[in-house]
Each structure stands twice: as structure tokens, then as C-alpha cells.
Amino acid sequence: MSELGGRRMPALHGVGDGARESADRAAGAAGEGFAPSALSFRSVLFDEVSSTNDEVKRAIDAGEAEGLVVRALRQSGGYGRQGRVWASPEGGLYCSLLLRPQVTPAVLPTLSLVVGMAVRRAVAALVDASAAGAVRIKWPNDVVVDRDVLHDARACAVGLDLAAQNHGHERFSDPNLTAFSQNTSSPVSASLKHRVQPRFCARGDADDTSSDAFASFSKLCGISCEAQGGGVCVGVGVNVVPPAERPDVGGKNEAAYVLDLAPEADFAFGGASRAIDRVFDEFLAAFASLYGRWQRDGFAPLLDEYNAWASLTGREVTIEGRDGSPIAAGTVVRVDACGRLVLRSHDGTEVPIASGEAHVR
């Protein structure tokens, strides 16, 4: 292996057996002929770097083969798409992949969408069904938690739990039910208190979900893709373990964390390191399968899955350029086979958008 950032780094591990088995199971369950990619990962781990992206870009310039993954517990100068700074405290998965995809230039822009699909698959594999349904992909480069979906699914789960608890017993009237649920010694109350999770809310306002100023999303993951000297550096940052003091980033930029979605999962009790490793292994397994299919067949065969979990479909959005200038506005219809966001304008015209930042109105 070449030197990274002036230090020789040994390969610590590749995709573990458990992660590879996860990829195989996912491929079989899909029933779509997905074959695990031949891509072999070699990961290295730093306590702290300025940016894992910088390490991978140096490795690309040095001629390192595809499959290198650089991780760090912390980043002092992490950045995402369009150079935006990432806060990278301990507790997140911060990694960058060195790829040399053999695809046409027209297909390459869809790589970030494939990475988003892999992150969504990874998180969904680790949390329960109600939380998994709320994990969505936000075009072009984020994975988010839809707070409204999560709230509704968990409210339904609590209702089913309450019905199961009360099965065969006299039905409580509403006042009695309220008093009963406030009795902390009640097993049902304890179940409700344990299972109901607070909704991820912009500005902490649990009742204000109708304002167009703030989307009902909390950011779980950011993705960046940079072409560099015949290779591509893919940066991935996933919020896994919430810090003791959660940062107040305000409004629509509120963070979501994997462990908030899976507080009772087995990996949630093994410490931060184990939780982050589990997310990492699941991500590599999911990405290996998707990347192989994408290189072979392009983005079109993955389109239905992407649109099934797209967070913006049906929403009114404005698209802004890098400088903040407006590009287009309309209702999101879908993402197309070229990876473009298709908007329907007020006159019914469909307009495909190849790049930009989508803001929910």
C-alpha cells in the first residue's frame, strides 16, 4: 500500500464475513439478479485527520488501487459537497472511498445517488421497521429521517401495543386511558414511555409541522463525490451516536442519529465504537452490491428503489445554484434514469434538473 499523508498505513480489515453475508442475503432477497461486487475493500483507521477526503485524494494521486477506505474517529477539517464544512466530533462514521469506476461520463453523476441508496439500506438493516420506513434519500447527496413518517409509524406501533396489552380487557374511556397512561407504575405506561420517541422537530417545536419554512427532515448523512486524477473520492459522514450535548444547528438542518432510531438494538449497547463499526460494515456490504450492478448496468435498474425512498417526491421545492441563485421551482415528480430531479412547473411542464440544491418550500 502506498503512503497516505506521509504515514504508511497497514490495511486493518476488509469487508467482514458478516457484512459480506449481509450483501449476499440482500442480493438474494431482492430477486433481481444482484451479484455482490468483486470490489475488495481495504480500510484504514485514524484517530484524527484533517479530512478523510484529503487522504484518499493523495492516495489517488499516488496510484493507489480502487477499494481503499480511509476512516477517522474525528476530523478537524472535514467537508462535504461544494466544500461545505462538516462538524466531525467523535460518534460519527467518517469515511472516504477510493473508486475508479469503469462507466461512461453520462453515468458518473449518478454515483452519489447510489451511495445514498447504500447508506439507506445500511441504516434500514439495523433499525426496526417503523424507523426504517422513515429513512429516506434526499436528492442529490443526503440521507435524512422524515420526522412525520417516523412519528406516524411509532404512534401506530404504540397503538398496536396498547391494543395488545388491553386485549381481552374492558375498553377504557378516553379520560380513564389518559389517567392510566400517566400512572408510571402501569406496565402499559412504562411501555409507552420506553417506546415512544420524541419527534425530530425543527427548533424544538413538536406541534409546528405545517410551516413551509422548515422541511420535516433531519439530516442523517451527507455525501460528497470528487473526481481526482482518474479516480473518484467518495466522502460519507453518518451521524451514529449522539453527543452528550447535541449541537443546535437550527431549523431544517437538525441532525438525526442512527442510535435514536434503534435505542433497543443489540449494537446500541456495545459502545460507540461497536455501533459505528456495525454501520460501517452494513454500508460497505450494501455499497459493494449496488456498485457492481451500477458499473455493469448503469443507474436505470436501480431507479425504482431510489424513487421508492426519495424524500422530495410530491413536495414543492426551489432549486438553487452554488451561488444561491434560483434555477427552477415546482413540484418534484421523480428522479429520472440520468439522476436528474424532475420538477413539474405550474403550467404542467416537466423540467429535469441535473444539479443544484433543493429546498422545500
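Start with the open sheet: 5 strands in the order β13-β12-β11-β10-β14, with antiparallel pairing. Strands here are DSSP runs of E with at least two residues, helices are runs of H or I with at least four, and both are numbered from the N terminus. Two strands count as paired if DSSP finds at least two bridges between them. Select 350–353 and 357–360 next: these are the edge strands β13 and β14, each pairing on one side only. On average, neighbouring strands of this sheet are turned by 45° against each other, direction ignored; the axes are lines fitted to C-alpha atoms, and angles run from 0 to 180 degrees between N-to-C directions.

Before you go on: this is a predicted model, where local features need pLDDT of at least 70 and side-chain atom pairs count only at pLDDT 80 or more, while totals for chains, interfaces and linings use all residues. Residues are numbered from 1 along each chain as its sequence is written, and side-chain values use heavy atoms, with hydrogens and water left out.

**Along β10 and β14**

Pick β10, residues 316–320, which pairs with β14 in the antiparallel sense over 4 bridges. Ile-319 stands opposite Ala-358 in β14. Now show the side chain of Glu-316: a salt bridge joins Glu-316 to Arg-361, with the closest N and O atoms 2.5 Å apart. A salt bridge here means a side-chain nitrogen of Lys or Arg within 4 Å of a carboxyl oxygen of Asp or Glu. Glu-316 is in β10 and Arg-361 in the segment after β14, so the pair ties together parts 45 residues apart in sequence. Both ends are partly exposed: Glu-316 has a relative accessible area of 31% and Arg-361 one of 33%. The classes are buried under 20%, exposed over 50% and partly exposed in between, using a 1.4 Å probe and protein chains only.

Jump to β7 (142–146) and β8 (217–228), an antiparallel pair with 5 bridges. Asp-146 has Phe-217 as its bridge partner in β8. Asp-142 counts as buried at 8% relative accessibility, whereas Lys-219, at 31%, is partly exposed.

Follow β8 into β9 (231–239), its antiparallel partner over 8 bridges. Cys-221 sits opposite Val-238. The hairpin has 2 residues between the strands, and Gly-229 takes a positive phi near 50°. Lys-57 is 177 residues from Val-234 in sequence, yet their C-alpha atoms are 9.7 Å apart.

**An arginine in β6**

Zoom to Arg-136 in β6, residues 135–138. Arg-136 is buried and has no salt bridge; Asp-146, the nearest side chain of opposite charge, is 5.1 Å away. The Arg-136 side chain does reach the backbone oxygen of Gly-133 at 2.8 Å.

**Two helices to finish**

Select α3, residues 111–126: 15 of its 16 residues are buried, so the rest of the structure largely encloses α3. Then go to α9 (272–297), where Asp-297 and Arg-293 lie 4 residues apart, about one turn of the helix. Their side chains meet in a salt bridge of 2.7 Å, N to O. Arg-293 is buried at 13% relative accessible area, while Asp-297 is partly exposed at 38%.

Methods. Lys and Arg count as positive and Asp and Glu as negative; His and the chain ends are not counted. A polar contact is a pair of N or O atoms within 3.5 Å; within protein, one must be able to donate a hydrogen and the other to accept it, and residues adjacent in sequence count only if both atoms are side-chain atoms.
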